[in-house]
Amino acid sequence: MKALVIIDMQNDFIPGGSLAVTCGETIIPIINKLQEKFELVIATQDWHPRDHSSFAKNHPGKKEFENIQLNELEQTLWPVHCVQNSFGAEFHADLNTVKFEAIFRKGTNKEMDSYSGFFDNAHLKSTGLAGYLEDKGVSTLYFCGLAADYCVYYSIMDALKEGFEAILIEDATKAISEEKFIEAKKEILQAGGSIITSKELD
Ligand code: VGL
Ligand code: ZN
């Protein structure tokens with residue numbers, strides 16, 4: 001069975017939000033239409049405590065988008081975004097959420113960022129997503145959402161490592177950095193993933 005995984009379609013990642021991805025809003029109608037083609041639709045939600053260690057604000061003297069070493073991992077310092085229960089953490093109002101059977105939250109541990117919907121960045125803690133999908137008999141995952149070069153990319157790489165077939169729907173995602181996305185796509189293909197457009201599902 002196949003499933004659609006919608007990554008982090010939250011206000012803060014969409015123009016008007018604190019970590020807006022350019023043209024992020026343009027993929028909302030595409031994702032709404034895509035959902036009609038799937039029996040199982042699940043979503044992830046970036047869900048940080050206010051004192052999260054990925055926020056530049058919580059590192060005095062450091063700037064947004066600067067990289068630091070944090071618990072032996074490289075960490076980009078982000079603007080405050082997707083704070084638990086804030087408007088910025090809510091799904092965009094135009095996104096159709098009625099078909100979401102489950103929502104997996106990530107980034108809840110203050111000490112550790114979590115780009116992937118499956119594991120935190122140190123691969124120490126699972127969200128339970130892989131087990132959920134296996135239990136549902138899902139073997140093929142189609143990915144869309146934000147941001148292409150971070151949470152979508154890391155989720156696909158983990159999906160492949162966990163033994164799922166993983167397909168990126170390229171016109172249903174947008175990147176923070178176009179350069180990073182070009183590298184990400186190469187790595188997805190090298191790791192055995194595929195890249196398609198939503199038209200190919202018609
Ligand atoms: C994301 C940066 C920080 C994402 C989440 O959803 O791609 N990017 N937190
Ligand atoms: Zn985040």
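Predicted model: local features only at pLDDT ≥ 70, side-chain atom pairs only at ≥ 80, totals over all residues.
Some ground rules: residues count from 1 along each chain as its sequence is written, while chains are lettered from A and ligands numbered from 1 in the order in which they are written. Local features need pLDDT of at least 70, side-chain atom pairs count only at pLDDT 80 or more, and totals for chains, interfaces and linings use all residues, with side-chain values taken from heavy atoms, leaving out hydrogens and water.

**Ligand 1**

Let's start with ligand 1, which sits in the largest cavity. A cavity here is a set of points, on a 1 Å grid over the protein atoms alone, where a 1.4 Å probe fits but cannot get out; a molecule sits in it if more than half of its atoms lie within 2 Å of its grid points. The residues around the ligand, meaning those with a heavy atom within 4 Å, include Asp8, Phe13, Leu19, Trp78, Tyr115 and Tyr150.

| Residue and part | Ligand 1 atom | Distance |
|---|---|---|
| Asp46, side chain | nitrogen | 3.0 Å |
| His81, side chain | nitrogen | 3.1 Å |
| Cys151, backbone | oxygen | 3.1 Å |

The protein covers 100% of the 260 Å² of accessible area that ligand 1 has on its own (Shrake-Rupley method, 1.4 Å probe).

Trp78, one of the residues around the ligand, is in the loop between strand E4 (73–76) and strand E5 (100–106); strands are DSSP runs of at least two residues, numbered from the N terminus. Its side chain makes a polar contact of 3.2 Å with that of Tyr115 (a pair of N or O atoms within 3.5 Å, one able to donate a hydrogen and the other to accept it; residues adjacent in sequence count only if both atoms are side-chain atoms). The Trp78 side chain also reaches the backbone oxygen of Thr76 at 3.4 Å.

Ser54 is 24 residues from Trp78 in sequence, yet their C-alpha atoms are 5.9 Å apart. Is Ser54 buried or exposed? Ser54 is buried, because its relative accessible area is 0% and buried means under 20% (1.4 Å probe, protein chains only). Trp78 is buried too, at 4%. The side chain of Ser54 has a polar contact of 2.8 Å with that of His52.

**Asp158**

Finally, Asp158 lies in helix H3 (residues 148–161); helices are DSSP runs of H or I with at least four residues. Asp158 is buried, with a relative accessible area of 4%. Beyond four places in sequence, Asp158 touches Ser116, Phe118, Phe119 and His123, with heavy atoms within 4.5 Å.

Technical notes: Buried < 20%, exposed > 50% of the residue type's maximum accessible area, 1.4 Å probe, protein only. 1 Å grid on protein atoms, 1.4 Å probe; cavity = no way out; pocket = protein on both sides within 12 Å on 5 of 7 lines; lining within 4 Å.
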